[in-house]
Amino acid sequence: MGEASPYATGGGGTVLEHRYGALLLTHLLTGDPLTELGDDATPVEITFQASSFSAVDDVVVKGLLEDGTKRQVSIGVRRSPSFVPSDGPSVDLIRSYLCVLHDRPLEIASGEWRLALTVASPNTHVQQMRELANIARDVIDEEQFRAEVARPGRTTHYVRDRLRHLDRLVAAAAHKTDFDTKLSSTSRLTWLLLAALRLRELRLEGIDETDRSSAVARLRGHTKAGSADAASKLFSRLAELVGRYAPAAATKNNTTLRRDLNGELRQPPAHGSNRYDASVQDSQDAAATYRQARTESAPEVRSEYLSQVRRIAPRDLLSREHEVSHLAEFCTALESDSYLWLRAPAWAGKSALLSSFTLNPPPGIQVVSFFITARLAGQGDRNAFADVVLEQALEITGEPMPVLLSDATREAHLLASLTRAAQSCQDKGERLVLVVDGLDEDLGVTTGPDAHSIAAMLPADPPGGMRVIVSGRPNPPIPSDVADDHPLRRPTIIRTLPTSPHAEVVRQDAERELKRLLRGTAAEQDLLGILATAGGGLSGDDLAELTGLSAWEIEDHLTAVSGRTFSPRVGRWRPNTTVYLLAHEELQQQAESFIGANRLELYREMLHSWADKYRDQDWPIDTPEYLLRGYFRLLISISDVRRMVAYATDAKRHDRMLDVIGGDIAALTEITLAQEALASQPVPNLVQMTRLALHRAKLVERNENLPVNLPGVWVQLGSPSRAEALARSITNPSRRVRALAAVVHELVVANKIERAKIIGSQAEQAITSVTDPFQRANGYAVVARAFAEAKDPRANDLIVLAEESANLLADPPQQAAVLAVVARAVAVLGEASRARDIANSISTWSERAQALAAVAIEIANTGRTRLGLEVASAISNRTVRAQALADVARTAKQHGDDRASVDIVERAAVTAREIGKPERQASALVSVAYAMALIGQSKEAQQLLVQAERLATSVIKQSERENISIAIARVVAIVGDLVVHHATLVG
């Protein structure tokens with residue numbers, strides 16, 4: 001039983017195990033509960049290679065409950081165990097678990113000692129074992145366990161086969177350990193093992209790094225910089241330490257771990273301890289500090305989801321006083337379960353109750369909500385849930401929306417933001433409540449091993465006193481991807497909601513209306529059939545076009561039954577558009593059943609023809625939103641792979657989507673879904689796969705090559721949302737940072753400071769994806785300048801990071817380029833002396849001159865003209881000095897200092913005339929002339945242009961002469977009153 005684990009051998013899976021060890025150490029640092037210990041236990045000590053404690057010796061974690069009760073868990077870590085009797089390592093693993101069961105029966109039975117297995121995700125065998133383990137914990141003996149597994153409809157044949165394999169595996173392991181199977185049969189050992197075993201699939205590698213992302217989010221408040229980049233580096237450092245701890249069988253607590261990380265963590269408070277040790281208090285203080293910093297520095301995100309909830313809520317909630325009172329009591333009670341599950345059949349009034357409660361919560365309660373609607377594209381899966389709830393949580397904390405959310409990061413951002421929102425509410429004496437209605441309508445739930453449900457995303461241990469209210473029908477059962485210890489698996493949280501008599505009346509009215517429509521005129525039948533087939537999301541204009549009815553006839557029909565049969569919603573991408581869907585999932589199913597497969601197919605063909613018509617027109621500007629969003633979901637639902645590929649590779653359609661949304665994220669998502677559909681076919685079509693891959697490459701390429709200043713132009717044109725989406729769609733990280741910074745600059749110019757701060761936060765977060773040292777340092781600098789322009793205090797931290805990063809660069813020109821931007825950012829903050837010192841520290845004279853010029857301009861922009869003049873006058877290079885003086889003169893004019901602007905521009909002219917080389921003097925004179933014209937010195941500007949034109953004739957190189965003429969022409973084009981005079985010059 002003392003065999004070396006993969007840590008010691010260095011065999012396959014070592015990297016995964018080191019990352020998992022880093023995940024455990026993260027919980028030790030932050031004081032957050034660990035799933036393997038249970039949602040109510042916090043780790044206080046971790047032992048690697050713990051053979052002296054447990055036969056399962058990979059890791060042993062000790063923890064404490066709220067009441068001080070101790071708990072331990074023996075964790076086996078395997079990358080991909082097969083769990084078949086012929087696999088020797090699997091036999092050895094099961095044998096080690098049986099030894100713990102044998103050695104510590106009372107502690108296992110009481111839950112004081114637990115068993116756990118962690119594997120790489122996905123692992124079908126472990127998923128099947130998890131289902132068996134759930135059943136084993138819910139029954140009282142082995143006989144009942146076997147009966148429940150065999151009960152028709154309870155499990156699949158794959159799960160039952162897994163149990164048979166496991167029985168044989170346990171028998172082999174028991175034989176190898178010399179267990180007396182007369183005292184405890186192998187079948188009973190199987191049940192005991194499953195009841196004690198917690199199984200976890202680790203998402204730490206490859207595409208899905210959700211566990212790592214969540215850990216990094218928790219570590220952020222413990223780093224000195226408080227940034228995602230610093231937290232990511234800290235996680236990697238923890239993985240390195242695990243590589244050292246494991247072979248040495250080290251034991252670590254918070255104190256010794258912090259000692260090993262000396263200098264890498266935020267300094268903990270000098271005082272404070274609790275029942276765990278000082279580490280937990282450190283964790284809470286660090287989180288509080290981080291929350292406070294984010295709240296003070298970032299503007300609020302505004303969620304418009306309540307407008308959707310108001311469409312769902314009844315005008316008056318009748319005969320629900322008792323239920324509303326119970327909800328209020330659950331939310332405000334000091335001691336209660338963290339979860340409440342309202343269960344009731346369809347049409348009981350669940351949505352009416354929870355929507356009304358969401359709009360009118362008790363005093364001191366903050367509600368974030370999501371109403372799952374399978375009938376409306378984009379409102380029925382985990383991505384929609386995460387996006388909507390994340391937006392509401394960030395509104396509470398006042399934080400910006402994370403940039404480039406993906407399937408790998410979305411859940412981590414959601415859980416972290418809910419934690420901070422709950423704590424923010426708690427700090428104000430309030431409580432956060434999450435309301436999720438309609439778990440039975442979750443489109444992500446499947447019966448297979450790849451289920452991705454909303455239920456599994458709900459926090460297993462709601463933070464900060466948070467409460468969670470969910471609702472749904474008794475069936476379907478809890479999705480298989482919900483963790484073993486999740487509160488949703490506790491029968492005590494379920495409350496049966498009595499059916500509202502008023503909801504029953506609405507049901508009867510709706511069903512009667514549905515039947516009337518089904519027997520009504522051809523137009524009424526078509527109206528119902530098209531909406532049912534489309535799955536909702538069609539506007540009145542869409543329906544008019546499809547049915548041939550006039551707009552007023554459609555409006556009459558929809559108004560007459562709206563709220564009973566049809567329900568209105570706000571368009572996703574065009575909020576000024578109202579779209580319609582069947583008012584209830586039961587109505588959707590009944591309508592489909594009554595209409596019948598043949599007629600549904602006819603309506604689908606109608607929708608296909610409608611889509612084809614717009615495709616033939618190259619997707620004009622008035623293309624309905626449904627065809628850019630909901631229609632693709634319809635194709636997925638009917639597994640129409642041919643059309644999915646055709647529409648996912650339609651470049652013109654994706655161009656129109658870009659026009660509407662402002663980015664290509666939705667288009668890339670369609671390509672991914674089409675690829676998944678192709679991959680699931682028995683023989684994937686490689687030609688279609690190639691088409692999808694090529695189209696994806698083109699979209700990625702066009703986002704990589706977008707000019708970084710183009711998003712800023714869209715701000716100037718009055719489209720900040722489009723500017724943001726365009727900047728975020730740039731795939732090259734360093735260019736995306738600069739594009740977002742450009743958007744910030746233009747927003748500040750437009751005096752949209754709060755929006756500028758939000759985009760600035762996205763730019764800051766984008767820096768974490770930049771790997772090149774020079775580009776990362778430059779990213780820090782440009783975002784620091786953007787924050788400085790927005791008067792955001794985060795500018796100071798980024799300036800320090802940029803300066804430190806620049807000083808580490810070995811290439812002098814690169815270092816100079818970054819320091820020039822840093823100096824400019826410092827100048828924007830008004831720190832003239834510091835900015836000048838940074839500029840003067842640049843080793844190369846040309847870059848130093850340009851940096852000083854930039855500092856002079858920024859200082860002058862703050863209204864300190866004399867100081868700007870002083871910095872500009874000290875520039876040794878005459879060409880740069882003349883340009884800087886001209887710019888300072890223009891700035892003085894903008895601040896109303898006319899006299900100073902004239903004096904300074906005259907100095908600029910004198911300086912320009914002192915330049916020896918004709919081509920440089922001519923260029924400088926043109927720049928000064930431009931400044932003169934702008935401050936009202938037109939006659940003097942004309943004279944300078946004449947001098948520049950004459951100088952150009954003496955320039956030897958033709959290209960330089962042409963450049964001077966172009967510069968003169970540009971000035972003339974901008975300053976209109978000089979056009980005539982210039983015509984005489986060149987005539």
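**Cavities and burial in a predicted model**

The lining of the largest cavity is made up of eight nonpolar, two polar and three charged residues. Here Ala, Val, Leu, Ile, Met, Phe, Trp, Tyr, Cys and Pro count as nonpolar, Asp, Glu, Lys and Arg as charged, and the others, Gly among them, as polar. The structure is a predicted model, in which local features need pLDDT of at least 70 and side-chain atom pairs count only at pLDDT 80 or more, while totals for chains, interfaces and linings use all residues. Residues are numbered from 1 along each chain as its sequence is written, and side-chain values use heavy atoms, with hydrogens and water left out.

A search of the whole structure gave two cavities of 30 Å³ or more. A cavity is a set of points, on a 1 Å grid over the protein atoms alone, where a 1.4 Å probe fits but cannot get out; lining residues have an atom within 4 Å of a point. Grid points are joined across faces, edges and corners, and a volume is the space filled by probe spheres set on the points. The volume of the largest cavity is about 120 Å³. It is lined by 13 residues, of which Leu439, Asp440, Pro476, Pro477 and Pro479 are the closest to its centre.

Of the 987 residues of the protein, 53% count as buried, that is, under 20% relative accessible area (1.4 Å probe, protein chains only). Cys331 counts as buried because its relative accessibility is 0%. Cys425 is buried, also with a relative accessible area of 0%. The count of disulfides (pairs of cysteine sulfur atoms within 2.5 Å) is zero.

Note on methods
On a 1 Å grid over the protein atoms alone, a cavity is a set of points where a 1.4 Å probe fits but cannot get out, and a pocket is an open set with protein on both sides within 12 Å along at least five of seven lines; lining residues have an atom within 4 Å of a point. Buried means under 20% relative accessible area, exposed over 50%, partly exposed in between (1.4 Å probe, protein chains only).
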